[in-house]
Amino acid sequence: ERYLVESVGIAGPRISQIYNGVDAQRFHPAFPRAAIAGCPFNDTDLWRVGAVGRMQAVKDPVNLARAFVGALALAPALRARLRLVMVGSGPLRAEVAAVLRDVLKSRPDDAQGHLLLARAQAASGDLPSAIQTLRTASRMASASSDIWATLGEALVEQAQGQEPVGAVIAFRKAVALDPQGAVSARYHLGRAKIMAGDVNGGLAD
């Protein structure tokens, strides 16, 4: 309410607060939990926390990132199960990435942390940093299909939609590690063949 009055300029008497309830019988976690396409945290033993929305000050995404980091600091055992998922872009995305980057200074061997940081860097428009972070992550966890696929996608974006050799190599590694699950990597490999003139080969992939 204070935000609407002080920042937006709406007169106090014109504001009514409506408490939104949630029907817990209708809205509850699915059992068994369905996999989310492209999510690296589909293991049913993991606890996912996060938010979906534009990263604006009113949403306070930076505080969410700090709270997640604080929770892990208070209970280090949660690192094995707790995962942060933040979907959206906006002016505070880079600041969220900075919070994650500061954490990685004390955990330089955390491959999943590097993957999250790279995605935040890419979403904020810093592709060179994202690619460098992903290359570091791929050296830490060379058996991670998701890291290789994300690296390939970043290289494609940097090449303005082309399928450069480095991206093709990354996609091939992703598919070799996870032939059924690496859907994005398989798509890009097929697309690369079509762009090179091998339409039948691309469609077969």
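Helix H7 runs over residues 165-177, so to speak a 13-residue piece, and spans 19 Å from its first C-alpha to its last, close to the 18 Å expected at 1.5 Å a residue. (That expected span is 1.5 Å times one less than the number of residues; helices are DSSP runs of H or I with at least four residues, strands are E runs with at least two, and both are numbered from the N terminus.) Keep in mind that this is a predicted model, where local features need pLDDT of at least 70 and side-chain atom pairs count only at pLDDT 80 or more, while totals for chains, interfaces and linings use all residues. Residues are numbered from 1 along each chain as its sequence is written, and side-chain values use heavy atoms, with hydrogens and water left out.

Which residues of H7 are buried? They are Ala167, Val168, Ala170, Phe171, Ala174 and Val175. These residues cover an arc of only 165° around the axis, which puts them on the same side of H7; the arc is taken from the directions from the helix axis to the C-beta atoms. On the other side of H7, you'll find Val165, Arg172 and Ala176 exposed. Here buried means under 20% relative accessible area, exposed over 50%, and partly exposed in between, with a 1.4 Å probe and protein chains only.

## What packs against H7

The cover over the buried residues of H7 includes helix H6 (145-158) and helix H8 (183-195). The H6 and H7 axes come within 8 Å and cross at roughly 160° (axes are lines fitted to C-alpha atoms, for helices over the stretch in contact, with angles from 0 to 180 degrees between N-to-C directions). H6 and H7 are therefore roughly antiparallel to each other, a label for angles over 145 degrees.

On the H6 side, the contact (heavy atoms within 4.5 Å) involves residues including Trp148, Leu151 and Leu155, and on the H7 side residues including Ala167, Phe171 and Leu177.

## A closer look at Thr150

At 11% relative accessibility, Thr150 counts as buried. Leaving aside residues up to four places away in sequence, Thr150 touches Leu115, Arg119 and Leu134.

## The whole chain

Stepping back, the chain has 9 helices and 2 strands. Its C-alpha atoms fill a box of roughly 65 × 40 × 40 Å along the principal axes. Of the 205 residues in the chain, 32% are buried.

Definitions and conventions: Angles under 35 degrees count as roughly parallel, over 145 as roughly antiparallel, 65 to 115 as roughly perpendicular and the rest as oblique.
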